[in-house]
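Subject: Structure handover

Hi,

Here is the structure for you to look through. My notes follow below it.

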Amino acid sequence: MSTPAEQIHRSIAARTPLICAVTEGDERIETLMQDLAGRAFSKPVPFYRWTLSDGMTQGGKPVEDAPRDAELALAWAAGRSEVAFYLFHDLHHRILSDIGIVRRLKDVYQRFRPTYSCLVFSSPTLHLPAELTTITLVVDMGLPGPDELDALFARTASPNKQLAPSLASLPADVKQQILAAAMGLSYPEAERAFRRSLVGKNTIDASVPRTIFEEKQQFIKKSGIMEFVEAGIRLEDIGGMKMLKDWLVKRQTLFSEEAREFGLSLPKGVLMTGISGCGKSLFVKAIASFWNLPLLRLDMSKIYGGSFGSPEEAFLKAAHTAEAVTPCVLWIDEIEAGISVQGFKAEGGAASRVLGSFLTWMQEKKGFVFVAATANAIDLLPAEVLRKGRFDEIFFVSLPTKEERKQIFRIHMSTRKNNPDDFDLNLLAHGTKGFSGAEIEQAIVSAMFEAFSEKRPLQQRDIMIALDRTVPLSVTMQEQIKKIEHWAYNRAARASEKEQE
Ligand SMILES: Nc1ncnc2c1ncn2[C@@H]1O[C@H](COP(=O)(O)OP(=O)(O)OP(=O)(O)O)[C@@H](O)[C@H]1O
Ligand SMILES: [Mg+2]
């Protein structure tokens with residue numbers, strides 16, 4: 001893919017003089033055009049900028065004979081014979097509703113075609129009237145790449161003279177970290193993050209990329225479609241799921257040079273399905289902590305909310321954000337909410353377009369974004385998602401076995417300051433066939449409230465009573481669970497070893 005600067009340069013050479021630059025923030029396209037005006041030809045050409053508030057300016061100074069009004073300013077540009085580059089901001093609303101502006105742009109196109117002049121108008125979105133689509137080159141500036149970020153960082157740091165020595169001798173690894181931390185931010189966001197990271201500094205040290213990364217977390221949070229999740233779950237915090245743990249442990253030295261040399265490729269992702277409350281979410285968190293990677297959670301149902309554009313735009317926005325944080329784990333919770341077979345009917349074409357985007361993206365994603373998807377109703381997922389090769393593995397997380405229940409009791413007693421050896425775990429595990437991990441945890445919690453209210457330590461009896469009061473999901477949802485288990489029987493790997501009771 002060529003960079004926006006290359007695309008614009010080529011378009012000018014090919015005498016396609018009308019260009020729409022899709023970009024957030026004005027400064028980026030300005031820098032680009034200014035730079036291009038200086039180097040596109042053997043001699044620099046004049047560069048004019050028009051905004052609603054400043055009118056026409058050149059090098060920051062008003063151009064006296066240019067009219068302020070947008071339509072007249074376009075006419076003025078079209079009438080000039082000197083080769084020049086023009087950048088118009090603030091036209092995008094009027095382009096859609098004002099035939100006068102459209103007319104003038106068509107005139108500019110006609111007049112500039114035999115010359116090497118060009119006119120770029122900026123727009124935050126890609127919406128053009130039909131008359132303009134055929135004669136306008138659309139350049140989606142996308143997110144800034146490493147070179148632009150590098151230049152932006154230098155520009156942000158340079159007004160502070162104290163930073164000059166460390167900027168000049170910036171170690172390669174710190175620079176790398178700074179660029180990695182800023183990847184995925186839009187131009188104005190990156191600029192703000194850079195500025196914040198340098199406040200009160202007189203050297204550029206390792207805290208700078210850290211601050212930039214924290215800023216990025218904030219931006220992602222504010223964007224609303226994804227969130228950073230604090231993982232912090234160790235494998236010891238999970239009872240059972242031996243097969244899943246083994247799978248993970250085998251991939252411990254994922255990023256090592258040795259693994260690369262051995263010819264191992266990086267895993268793409270896992271899909272976890274199974275019964276509610278049996279630890280799917282828990283395990284996703286454990287994956288991220290195990291690899292020491294940031295965990296980003298995408299709520300599939302949000303992409304249909306409409307706040308982020310069309311569903312497939314919203315999905316791709318999230319996917320690209322995840323790529324920008326690479327390496328990371330992308331947790332797609334309840335993936336069936338976004339791309340279920342039923343959704344195809346309910347959402348019309350949108351759900352199948354999201355599915356298409358998802359599958360293509362899984363194939364082509366850049367960097368290491370490990371997808372950990374969870375699904376409750378996996379039978380709703382279309383076959384393409386489940387086909388071998390999409391995910392490295394599909395795991396079925398079932399109700400815990402007796403041995404696993406024992407471990408789960410142990411874990412949740414210990415984390416709540418009880419000594420598991422004071423309890424008959426065998427008996428408890430025996431009596432909780434059909435209970436999920438979440439239900440066991442809940443029983444311990446309510447038993448502790450009971451004990452606390454009577455001002456005494458937790459006893460076996462309290463737990464037994466709490467368990468007695470619980471009707472496990474496996475009873476109320478017997479039919480569904482049978483169905484899920486039946487589905488998974490031949491199609492998914494079990495997360496834990498088979499019950500031997
Ligand atoms: N195997 C387990 N070991 C330890 N704790 C568990 C286990 N399974 C479940 N729990 C406890 O139950 C809680 C709920 O589990 P979790 O949210 O991971 O279930 P889930 O499979 O994602 O359920 P849902 O389908 O409802 O999202 C966990 O936070 C954990 O405290
Ligand atoms: Mg969950």
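The shell around ligand 1 divides into eight nonpolar, eight polar and two charged residues. Here Ala, Val, Leu, Ile, Met, Phe, Trp, Tyr, Cys and Pro count as nonpolar, Asp, Glu, Lys and Arg as charged, and the others, Gly among them, as polar.

This is a predicted model: local features need pLDDT of at least 70, side-chain atom pairs count only at pLDDT 80 or more, and totals for chains, interfaces and linings use all residues. Residues are numbered from 1 along each chain as its sequence is written, while chains are lettered from A and ligands numbered from 1 in the order in which they are written.

Back to the ligand. 18 residues surround ligand 1 (C-beta atom, placed from the backbone, within 6 Å of it). The closest are Gly 279, Lys 280, Ser 281, Gly 437 and Ala 438. Helix 14 (280–291), helix 20 (402–414) and helix 22 (437–453) each give two or more residues to this shell. Helices are DSSP runs (H or I, at least four residues), numbered from the N terminus.

Now the domains. The protein is divided into domain 1 (4–140), domain 2 (146–223), domain 3 (235–397) and domain 4 (402–433 + 437–471). These bounds come from an automatic or database domain assignment. The ligand 1 shell draws at least three residues from each of domain 3 and domain 4. The C-alpha centres of domain 2 and domain 3 lie 30 Å apart.

Best wishes
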